[in-house]
Amino acid sequence: MTTWILRHPVTPGPALRVAVKDLIDVAEEPTTAASRAVEAKAWPATRDAACLGGLRAAIDAGEACYVGKTNLHELAYGISGVNPAFGTPVNPLDPRRVPGGSSSGSAAAVAAGEADVAYGTDTGGSVRIPAACCGIAGLKTTLGRIPVQGVRPLAPTLDTVGPLARDVAGLAAGMALLEPGFAPGGDPVRRVGRVRLPADPAVDAAVDAALAATGWEVVEVDLDDLDGVLAAAMAILDAEAWAVNGDLAVGAPADLGADVLARLQAASATTAEAVAAARRRRLAWIATLGRHLGEVDVLALPTLLGFPPLLEDADSMAGIRGPAAAVNLAGFPALALPVPSGGPLPASLQLVGPAGGEERLLVAGAVAEEAAASLATR
């Protein structure tokens, strides 16, 4: 198995089928982080992660069923989803292509119809990127909105938990389990800020076409010094990833994948001065992004700057990952949705809202989804 670390048989029925990324504790099951180094010392969890309380209640009520633990990019520290030790989940859109990471198994399970909702984590794009690669929807939640107790950390000041599903309705159902009582709502989106990036022209055109079909007012927004913001995000992510996982690179390097080991070794060189500067940049960036979101209802941009590469070109994911991590640096919510590109693979539209704005973001997502569907039938 490559999509699943652990799979449970499920009797067909109306209950929502929910998968859980194997970074999130499920009672009586080990959490491996899809890493042999972690698996070697993993014991069954004594309790569910805090974010699974709603799921457990829905299971008890017969409204949901738990279908298993999904695979991921080892330690959640990568964006291709390629995992030599546990296998690489097959991208249902095109088996030759990467599934995206780090929540690769969660995205693949949903895209293949093996789960209705899957939970992932997003520290630098790890829900949105695999959603884009596999042609489904994914929601990165506001930092701190969904509790992360019982979720193995990667970078604690950036880590979030969020749902993946085939559509916006599925994301809403997943959020209602993560946060009982959640429902999309709020004023309709009317004004959207379009952020221009050096994307594949086909991706750019797909995003523009989807936005035009919504009827929203679309205005151009320039995010200054995005490269510096991304560098700050990665400095914090890498420093915290080394603090969490550095012992594995020192004590069990042979059990780590070569890419993750190399990345951890590079992360070990992140200086305290670089982190301090990044944290200052973070405060300024939160203010900047907040100002833009005071002028428009949501920001719109591609989730990925290109289409998912072939497996043998997995390293090229770094060149198309876009500014996903910049959203994590601010802590704001973001939604990834497939939109037709006119080719065999969909592009992915990303909508970014203000902190705590998931309810309204999903309302906007439903409008964009309907617009995309209208384009697909033309």
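So, strand β3, residues 64-70: 7 of its 7 residues are buried. Keep in mind that this is a predicted model.

Who sits beside β3? Let's take its partners in turn. Strand β1, residues 4-7, runs antiparallel to β3, and 3 bridges join the two. If you want to find that pairing on screen, look for Trp4, whose bridge partner in β3 is Thr70. Then there's strand β2, residues 16-21, which pairs with β3 in the parallel sense, over 6 bridges. Here you can pick out Arg17, standing opposite Cys65 in β3.

Okay, on to the helices. I'd like to show you α11, residues 358-376, together with α6, residues 201-214: they pack at an angle of about 110°, and their axes are 8 Å apart. That angle makes α6 roughly perpendicular to α11. On the α6 side, the contact is made by Ala209, Ala210, Ala213 and Thr214, and α11 brings Val367, Ala368, Ala371, Ser374 and Leu375. What classes of residue does the contact of α6 with α11 have? There are 7 nonpolar and 2 polar residues, and no charged ones.

Staying with α11, here's a quick check on its length. With 19 residues at 1.5 Å a residue, α11 should span 27 Å, and its end C-alpha atoms are 26 Å apart, so that agrees.

And which residues of α11 are buried? Among them are Glu358, Leu361, Leu362, Gly365 and Ala372. The buried residues of α11 pack against helices α5 and α6, and against strands β5, β9, β10 and β11.

Definitions and conventions:
Residues are numbered from 1 along each chain as its sequence is written. This is a predicted model: local features need pLDDT of at least 70, side-chain atom pairs count only at pLDDT 80 or more; totals for chains, interfaces and linings use all residues. Side-chain values use heavy atoms; hydrogens and water are left out. Axes are lines fitted to C-alpha atoms, for helices over the stretch in contact, and angles run from 0 to 180 degrees between N-to-C directions. Helices (H or I, at least four residues) and strands (E, at least two) are DSSP runs, numbered from the N terminus. Angles under 35 degrees count as roughly parallel, over 145 as roughly antiparallel, 65 to 115 as roughly perpendicular and the rest as oblique. Contact means heavy atoms within 4.5 Å. Ala, Val, Leu, Ile, Met, Phe, Trp, Tyr, Cys and Pro count as nonpolar, Asp, Glu, Lys and Arg as charged, and the others, Gly among them, as polar. The expected span of a helix is 1.5 Å times one less than its number of residues. Buried means under 20% relative accessible area, exposed over 50%, partly exposed in between (1.4 Å probe, protein chains only). Two strands pair if DSSP finds at least two bridges between them.
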